[in-house]
Structure formats: C-alpha cells, structure tokens
Amino acid sequence: MTTEPGRRLTPDARREEILASAHRLFGARPYAQVSTTDIASGAGVARGLLNHYFGTKRELYVEVVRRMTAVPDVTAELVTGSLRARVDLGVSWYLDVVGAQGEAFLALVGAEGPGADPEVEAILEAADDLAARRVLEVLGADQDDPSMRGAVRAYGGLAKAAVKEWVRTGALTREDVHLLLTTALRAIAKDVLPVVGRLPTTG
C-alpha cells in the first residue's frame, strides 16, 4: 500500500511506512532483487528520504529483521495448566504469529538476506536464545541452564523447518505442524530436559 500523494505524515509515521514497504518486499523477493527505489516507491516517498532515515539498503534490512524478531512476550498467559495445555497454547500462538507473516517469516527470520551478515546473525541468535528462555519458562524449567537452552534452540530449528513445509511447500498442513511441534516439545520436556539439565557444562 502506497502513501496517498500530498498526504502529510509525521517523521515517525513516514519511517513506519518505509519499514512496512521494506517488510513486504524483503518478505516477497530475495534480498538482491529488492532495490531502494522499489522500497521508496512502495512507501510513496523519494529514495533520498529512505536514505535519510535508514542509510543503506542493508541497514534497512537489519532494522526489518530486528522488528520481525521482536515479538510480544505472552509467556505470562501460558504458564498455568497441565503440560499438554501449556504446550498446545504455546504452539498455537506461535503458528498464529507465523501464519500472519507467511512467506515473510521464512525470508526474514530464516536470514535469506545479504549473505553472512554478522549483525543479522547476532540479531537472530539473540532472538533464538530469548525464545528458548521463554519456552523453558512456560515448561517450568531452568532458563539459565545452558544445556536446556541448547536443547530448546535445537527444537526451534525443527519448528522453522516445519513451518517451511507448511508455508512454502505445502507438504504439511497447519494441523500437521501443530501435531509435530506439540508432540516433540512434550517429549523434550518429559524425556530430554530432565537429563541434559543434570549434565555438567564444559568450558
């Protein structure tokens, strides 16, 4: 959606429209196929204004990834009830968020961007670690245990791969993905975390 000609916006609102345009385009095309001209056109602004707010295309991409990974914390809503109920609600919430983003989730959170960019990788690693901590909190496990966090981060890789089979290839339905992820997470909570959490860390 482009800005109506002549419409006056505050700097913050204009910045948000540029981010929204970048989000749509980076989520729909490979990074190399998106130009700053495309993004500016989608936001209804001159390319110079995009450069004024964000600098380079890479800097804008980094900000879009940062926004994509900054999801709301709903942990407090998921910490009561049985393990099955907590896992079911948590996975359902995750799939709701992913379903709303569609292909953009895979393109941005999957880091299909400007190659091996250390800043993007750091953002994604921090987001994965925070997500692992939140999952452990929902499961009632120790968020500070590095072995437990590692196990849940590995589960996060499964979750992203499963979403790809749903969103991109259609090999799995949402219901299939929900079953896969809830079953795997309950097994991790019951059979894996109690074991790895007792293993000593190595330096």
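Visitor: Let me begin with S21: is that residue buried or exposed?
Guide: This is a predicted model, and in it S21 has a relative accessibility of 1%, which is under the 20% cut-off, so S21 counts as buried.

Visitor: Where is S21 found, and which residues is it in contact with?
Guide: S21 is found in helix α1, and once its neighbours within four places in sequence are left aside, S21 is in contact with D38, I39, G42 and A43.

Visitor: What about R47, then: where is its place, and how exposed is it?
Guide: R47 belongs to helix α3, which covers residues 47–54, and with a relative accessible area of 46% R47 counts as partly exposed. If residues up to four places away in sequence are not counted, R47 touches T36, T37 and A40.

Visitor: And how far is R47 from S35?
Guide: The two are 12 residues apart along the chain, and 9.9 Å separates the C-alpha atom of R47 from that of S35.

Visitor: How many of the contacts join residues at least 24 apart?
Guide: If you take the contacts between residues at least 6 apart in sequence, 67% of them join residues at least 24 apart.

Visitor: Now for the helices themselves: at what angle do α8 and α9 cross?
Guide: Helix α8 (residues 146–167) and helix α9 (residues 174–196) cross at roughly 170 degrees, and their axes come within 10 Å. That angle makes α8 roughly antiparallel to α9.

Visitor: Which residues meet there?
Guide: On the α8 side they include S147, M148, Y155, L158 and W166, and among those they meet in α9 are R174, V177, L180, I188 and V196. By class, the residues of this contact of α8 with α9 divide into 17 nonpolar, 1 polar and 1 charged.

Visitor: And how do α7 and α9 pack?
Guide: Their axes are 11 Å apart and the packing angle is about 80 degrees, so α7 and α9 are roughly perpendicular to each other. The contact is made by V135, L136 and L139 of α7 together with L185, A189 and L193 of α9, and by class it has 6 nonpolar, no polar and no charged residues.

Visitor: Changing topic, how much space lies in the largest pocket?
Guide: The largest pocket holds about 960 Å³ of space, and of the 44 residues that line it, the closest to its centre are V71, W93, Y94, A127 and A131.

Visitor: Which helix supplies the largest share of that lining?
Guide: That is α7, from which 10 residues of the lining come. Among the helices that each supply at least two residues of the lining are α1 (11–28), α4 (57–69), α5 (83–101) and α6 (103–109), along with α8 and α9.

Visitor: And how does the lining of the largest pocket look by class?
Guide: Sorted by class, the lining of the largest pocket has 30 nonpolar, 7 polar and 7 charged residues.

Terms used. Residues are numbered from 1 along each chain as its sequence is written. This is a predicted model: local features need pLDDT of at least 70, side-chain atom pairs count only at pLDDT 80 or more; totals for chains, interfaces and linings use all residues. Side-chain values use heavy atoms; hydrogens and water are left out. Axes are lines fitted to C-alpha atoms, for helices over the stretch in contact, and angles run from 0 to 180 degrees between N-to-C directions. Helices (H or I, at least four residues) and strands (E, at least two) are DSSP runs, numbered from the N terminus. Angles under 35 degrees count as roughly parallel, over 145 as roughly antiparallel, 65 to 115 as roughly perpendicular and the rest as oblique. Contact means heavy atoms within 4.5 Å. Ala, Val, Leu, Ile, Met, Phe, Trp, Tyr, Cys and Pro count as nonpolar, Asp, Glu, Lys and Arg as charged, and the others, Gly among them, as polar. On a 1 Å grid over the protein atoms alone, a cavity is a set of points where a 1.4 Å probe fits but cannot get out, and a pocket is an open set with protein on both sides within 12 Å along at least five of seven lines; lining residues have an atom within 4 Å of a point. Grid points are joined across faces, edges and corners, and a volume is the space filled by probe spheres set on the points. Buried means under 20% relative accessible area, exposed over 50%, partly exposed in between (1.4 Å probe, protein chains only).
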